[in-house]
Amino acid sequence: MLKTRSVQSVCASCRLNIAISRARSARLPLQRPTAPQIRPAASRFPTPRRPFSTTLTTRQSGQDEATTSDETPPTATEAVNHEVNARKARQQFGDSLPRDHLTEEEYIIYERLYGPPVFVDTVEDAQELEPIDAEDLIEEERPDGSTVLLRRGEDGELEEIEVLEEHDAPEEADAEDAEKTMTPEEWEAHREEQDQIYHDGIYEQSRLLHEEAEAEAWSEPVEEPQEEDDFMRAHPLTIAGRFKPSPSTVFLPKETLVDPTAVLLTRANHKHLAETANRIFGGRGLPFSASTTPARLGNGQKPIPLSPSQSEMGNIEADVYMASVQPGVYASVMSAMVEVRRRLGTGWLEHMLRNKKGGNVLDAGSGGVGVLAWHEMLQAEWQRMHEESGDTSHGATPLGKATVLTASDTLRHRASKLLENTTFIPRLPETVTAEDESNTQQPRKLYDVIIAPHTLWPLRQDYIRKEQVEKYWSLLNPKGGVLILIEKGLPRGFEVIAGARSYLLDKHIASPGSEHIETSVDSQVSKPDEDTRFTDKEVGMIIAPCTNHSTCPMYQSVGVSQGRKDFCFFSQRYIRPPYLQRILNAKDRNHEDVQFSYLAVQRGRDQRLPQHDILGKGFMQGEASTAAAFEGHEWNVPTQDADADPNAEIDEPTITSVDDVNPLTLPRLVLPALKRRGHIIMDVCTPAGTLERWTIPRSFSKQAYRDARKARWGDLWALGAKTRIPRNVRLGRPSDEFDKKGRKVKKAKRVTIEIGIGEKDGQTVEEGPARVLGKGGRMLVGDRDGRYTDDRKIRGSKGRKGRKKRANNDDNEDFLGDM
């Protein structure tokens, strides 16, 4: 029985190509398609062609060139011959092709014209699938109604032909036919599916490339210069003072965040998601989400309009919040938490894992991604602990207890798909008072970590923000609880964070020179027998980003300052998930730099005290720490006592390690370093609470110059500088001095009221009526009692003319009364 893949016949184009080959190639004789000849297997390399020439010299030179040079480009005739051979192979063998039947050039043309063939070992195998002319086929109907194809064999008898259906037909043809019959709705869904596949592939490719690069960086040994035995790639204090996580680009967790969110978003139409996101978050680029667009675009400064604390949130709004806001919030929270872990040391997380089984965490403003970031840190620390101990059979990471604030049911149902064993609350708990802390029968729930991103700026009144900060502080564990506040990296967002910092320093955190606070009058009156005018502040500290506990040099005036140019913020790059790429319609890049201002404080522990310091020494933040950092901590120079023998040998200086200097005594870079030729310029915020500009030239120190060139925005600098100058800070102007039109507002005059009460023989006596005094004790215009006369202008009384008019009317009334 013969087998064939399909019934083929010679088309007009093939006949034309055969005619061309007959005219141009003497090497390739014309063959009938019904009786094809088997072409011998050709070599993998082209054989030299015999040139046609009418003279002897030309023929000989052509033969010499053909035999000596194999790299000459093919002529036009040879190119035509390659194409003809490829077409003849297609006509002879159909979809199959014997191995090594075509040369490299001919196979390239064959693949370009017909695609990859089905390779067979011998020519006989290919001939089993040779095409059959339609004229030689006989169609016969069987008694059962089926139809068979018959062909007359060599002996003249009819034999059945088995037709093999092409199950591996190209899917492109089916796709094209399907596209022609698609409705507009189906075509839109098909396009969305293709876009989703594209963005998923880009995200996965970026993640794999990043993992490969990281693996190569760890596996390849670092080649150090042999001529320099004391070469050091980075100083230990430089490494300890780095700000960004390692690697510096944050990848959202695929299994716990990206994939579950993508599945949740499949229930909504992508077009509706994009339209709603642009409508809520300010249009192109989503400037009112967690992203921060350049100021030149003029998008204004507004908080994020959607918040987990909102009780009313529709399905499409919840999807938009998860797709547009949570990726940037996760990146900023992860960056802040990594910095907190570095400043508190490994002992902080080890204590959480071993003694508290992961701790108790509250997510008050991110809808659950803050808890995911906390879990990522716990898992990394758990793995590090067991790798150092050599224990490979460790169990699951203890993730502790998590509480997430989600007021709306729609967002709570979606967040529950991302988190397990999590408590969801509709609003924050009430403030924990002193009576609640002393109640041991029913103690209030306290948290070891509170993550509150983008929760203060949406509150318009300043006193409500203070109440919110007070609530966060009261909910912290008084034995080392950590509070992390985050806002957008804009002037208004920084002012909100700076206001919270100032409130905590004034009311709660004790510092040298500010250890007491004056209580309210009500508390003093309630306890007349006790001296309750002043009370002690609590033990606490600022973890990051500040390395001082004084007034912020960028927040000298309370409230909003118009035209502010300098403010404290930081940046973190992350890879956008595929669904955010589709909403942004981004084709050029798949990463984003989110800018944020943050504050991390700890309650109940202060590393400035020896009992709480990770080095066990304690330290002071001030001008002395700034001067020591300016001199540099590159070398640990041993000191010699005054009573020691001057002829005794002095130990050589050693490299300063992280066990010698606490990083919280170092200045922090508040802007990217300016790299100039031969020197580096850094703008730093010092432990003394000042902004300065430090210059590190090449001649200062080889190691310091090398590390300064690698320093990044937000790092702590420990290797000193050669020069330092105060930096001019552009703080703008306070908003209370100017109205909406930019005109200066006159300040109210200061008025002093003297109460006529005195003391005589230990008794309170009344000395006279109260008086209103102005500047310098001068009595204001009016009588001796300080009251204003009727001659002053009264608003709405039409001025002096109005008063004169009323006086004339009074005279007329008296005259009429006399008559």
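How many aromatic pairs does the structure hold? The structure holds eleven of them, a pair being two rings of Phe, Tyr or Trp (its six-membered ring) with centres within 6.5 Å. The model is predicted, so that local features need pLDDT of at least 70 and side-chain atom pairs count only at pLDDT 80 or more, while totals for chains, interfaces and linings use all residues. Residues are numbered from 1 along each chain as its sequence is written, and side-chain values use heavy atoms, with hydrogens and water left out.

**Figure 1. Overview of the protein.** The protein has 23 helices and 29 strands; these are DSSP runs, numbered from the N terminus, with helices (H or I) of at least four residues and strands (E) of at least two. Of its 819 residues, 40% count as buried. Buried means under 20% relative accessible area, exposed means over 50%, and partly exposed lies in between (1.4 Å probe, protein chains only). The protein exposes about 48,900 Å², of which carbon and sulfur atoms supply 49%; accessible areas come from the Shrake-Rupley method with a 1.4 Å probe, and for residues only the protein chains shown count as cover. A contact means heavy atoms within 4.5 Å. Among contacts between residues at least 6 apart in sequence, 68% join residues at least 24 apart.

Figure 2. A pair of aromatic rings is described by the distance of the centres and the angle of the planes. Planes under 30 degrees apart count as stacked, over 60 as edge-to-face and the rest as tilted. Among the eleven aromatic pairs of the structure, Phe494 and Tyr555 form one that is edge-to-face, at 6.5 Å centre to centre and with 90° between the planes. Phe494 belongs to helix α18 (residues 491–507) and Tyr555 to the loop between β14 (540–544) and β15 (561–562), so the pair ties together parts that are 61 residues apart in sequence. Phe494 counts as buried because its relative accessibility is 4%, and Tyr555 counts as buried at 8%. One aromatic cluster is formed by Phe494, Tyr555, Phe567, Phe569 and Trp713.

Figure 3. Ser597 is found in strand β17, which covers residues 591–603. Ser597 counts as buried, with 2% relative accessibility. A polar atom of the Ser597 side chain lies 2.7 Å from the backbone oxygen of Cys568. Not counting residues up to four places away in sequence, Ser597 touches several residues, including Phe494, Ile497, Cys568 and Phe569.

**Figure 4. The loop residue Leu286.** Leu286 is found in the loop between α10 (270–280) and α11 (315–324). Is Leu286 buried or exposed? Leu286 is buried, with a relative accessible area of 2%. Leu286 and Ser324 are 38 residues apart in sequence, and their C-alpha atoms are 8.0 Å apart in space. Residues up to four places away in sequence being left out, Leu286 touches Ala277, Asn278, Phe281, Ser291, Ser324, Leu580, Ile583 and Leu584.

Figure 5. The structure holds 27 salt bridges, each defined as a side-chain nitrogen of Lys or Arg within 4 Å of a carboxyl oxygen of Asp or Glu. Glu339 forms a salt bridge with Arg343, and the closest N and O atoms are 2.7 Å apart. Glu339 and Arg343 are separated by about one helical turn because they are four residues apart in helix α12 (residues 326–344). Both Glu339 and Arg343 are buried. Glu350 forms a salt bridge with Arg384, with the closest N and O atoms 2.8 Å apart. Glu350 lies in helix α13 (residues 346–355) and Arg384 in helix α14 (residues 369–389), so this pair ties together parts that are 34 residues apart in sequence.

Figure 6. The closest N and O atoms of the salt bridge between Arg693 and Asp683 are 2.7 Å apart. Arg693 lies in strand β23 (residues 691–697) and Asp683 in strand β22 (residues 679–685), so the pair ties together parts that are ten residues apart in sequence. Arg693 counts as partly exposed at 28% relative accessibility, whereas Asp683 counts as buried at 5%. Salt bridges that share partners join Asp566, Asp683, Arg693, Arg727 and Arg730 into one network.

Technical notes:
Polar contact = N/O pair within 3.5 Å; in protein donor to acceptor, adjacent residues only side chain to side chain.
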